[in-house]
Amino acid sequence: MIEKYTTAIKKLSGPGMHEITVEVAPPDVETCFQKALRRLAQTLEIEGFRKGKIPPAMAEKYIRTDALFNEAAHIAIENTYPDVVKHHQIEAIGKPEIEVVKIARGDSLQYKVRVAALGDVKLPDWKKTRMHRKEIAMTEPELEKALEYLQKSRVRYVASTHPARKGDFAEIDFTIRLGGVIIEGGSAQKHPFVLGEGRFIPGFEEQIEGMNVSEEKTFLLTFPDSYHEKAYAGREVACTVKLISLLDRIIPQRDDAFAQSLGDFKTFEELKKSVEGGIRREKEEHETSRVRLEAISEIARNAKMEIPDVLIEREIEKMFQDLEERVGGMSLSFEAYLDHLKKSRKELEADWRPEAQKRVRIALALRAIAKSERLVIPAEKVEERVQEIMKNRSSEKEAKKRYDKEVLREYAESVLMNEEVFNLLEKECIIETNV
């Protein structure tokens, strides 16, 4: 629609910041006014005319001058700005700041746009990067811990016929008083726990050993001098406990029957090998992630680049969103969490800025490698990953409501592209194995 306009660009202070001045010729400005008039006329309601059928000449009498000028400027900008940044080969990021300098009927329109842009990234000779991979080692304690976890996942409970002893599952009513007053968190009913796991202050669980169901007893205990709540450290308290129920925990034996109950295993040895293989794979995946991060961090650190502030601000905002989600999962308000940290939002932002900058440098380095190697992700692969993400996060119907498909597609493509770059690093870089 707009045929004639001129531009002038200059570099501003601040990483990646540019200012572009755009001037639209008078005939095109008048075209924008006419389109603005028709668009605004669609919103008017005038007696004797159907809505949307009001002649522009009539409508202009009812439209505020400032509204008409604002709409005309908006039309001019939306029809020039995308071509302007493309013409100047600017990869704009963030929301541009736009200022209309002048606009008048019968004259040109001039506006200025200030925008942050991604600059060139000068990569080091990244193929000479050394990746230090550690030898993966399995330990017996690790395997033992995993097998114990599986056993505990198949524990059966039966009513106990003997006094309380370590390993029993118990429910108790209790109160803990200091100077006759129940301390904070010092009372509960039918509190469940496994006797002997040390969930209470030293000496508490030992007092329960030997008790029978329905038995009640009172005893004195002293908090350790090193107790985290200083108000109670070294203080003597009176504890009253009533044993409500007691169950024997029957832990399955490590035999073939136990293995068969867990899946497609014939023997316990097969299960043991599967668990060992799972631990090894998990450790290998963790080591791969560590090595990849070490390599790309070094490349990013040695790359030359300008980082627009908007990217760092955006990364900090992501960090806040992630933290708020985690805190919300703990049924704690974000404000209460900040009070616990004794930090303000601004102080956290200042603390996180170096990490945010590091993350942005890594993202730009990954992107630069992908660009230099002309890596492309097929559209069908991107769509497959989008479907996986939607399926994993919620039902497909809910996912369509909650997630913008285009945003998900961009995210999926960036994840797949990063995977391609990391695969390339492992193929091209120098890998050294450390024992």
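**Group meeting: a sheet, a helix pair and a pocket**

Good morning. I begin with the sheet, in which 4 strands are arranged in the order 1-2-4-3, open and with antiparallel pairing. At its edges stand strand 1, residues 5–11, and strand 3; each has a single partner strand, so one side of each is left without a neighbour in the sheet. On average, neighbouring strands are turned by 20 degrees against each other, with direction ignored. Please keep in mind throughout that this is a predicted model.

Let me go through two of the pairings. Strand 2, residues 17–24, and strand 4, residues 109–118, run antiparallel and are joined by 8 bridges. Within this pairing, Val-22 has Tyr-111 of strand 4 as its bridge partner. On to strand 3, which pairs with strand 4 over 8 bridges, again in the antiparallel sense. Here Ala-92 stands opposite Ala-117 in strand 4. Strand 3 and strand 4 form a hairpin with 6 residues between the strands, and in this hairpin Gly-106 takes a positive phi near 85 degrees.

What lies across strand 3 and strand 4? That element is helix 9, which runs at about 120 degrees to strand 3.

I now turn to a pair of helices. Two packed helices are described by the angle between their axes and the distance between the axes. For helix 11 and helix 14, the axes come within 10 Å and cross at roughly 75 degrees. The two helices are therefore roughly perpendicular to each other. Which residues of helix 11 meet helix 14? They are Leu-366, Ile-369 and Ala-370, and on the side of helix 14 the residues met are Met-417, Asn-418, Val-421, Phe-422, Leu-424 and Leu-425. By class, this contact of helix 11 with helix 14 holds 8 nonpolar residues, 1 polar residue and no charged ones.

Finally, the largest pocket, which holds about 1,600 Å³ of space. Its lining comprises 34 residues; nearest the centre of the pocket lie Lys-318, Ala-363, Glu-410, Tyr-411 and Ser-414. Which elements supply at least two residues each to this lining? They are strand 3 (91–102), helix 9 (309–329), helix 11 (345–372) and helix 14 (405–428). Helix 11 gives the most, with 11 residues. As for class, the lining divides into 16 nonpolar, 3 polar and 15 charged residues.

How values were computed. Residues are numbered from 1 along each chain as its sequence is written. This is a predicted model: local features need pLDDT of at least 70, side-chain atom pairs count only at pLDDT 80 or more; totals for chains, interfaces and linings use all residues. Side-chain values use heavy atoms; hydrogens and water are left out. On a 1 Å grid over the protein atoms alone, a cavity is a set of points where a 1.4 Å probe fits but cannot get out, and a pocket is an open set with protein on both sides within 12 Å along at least five of seven lines; lining residues have an atom within 4 Å of a point. Grid points are joined across faces, edges and corners, and a volume is the space filled by probe spheres set on the points. Ala, Val, Leu, Ile, Met, Phe, Trp, Tyr, Cys and Pro count as nonpolar, Asp, Glu, Lys and Arg as charged, and the others, Gly among them, as polar. Axes are lines fitted to C-alpha atoms, for helices over the stretch in contact, and angles run from 0 to 180 degrees between N-to-C directions. Angles under 35 degrees count as roughly parallel, over 145 as roughly antiparallel, 65 to 115 as roughly perpendicular and the rest as oblique. Contact means heavy atoms within 4.5 Å. Two strands pair if DSSP finds at least two bridges between them.
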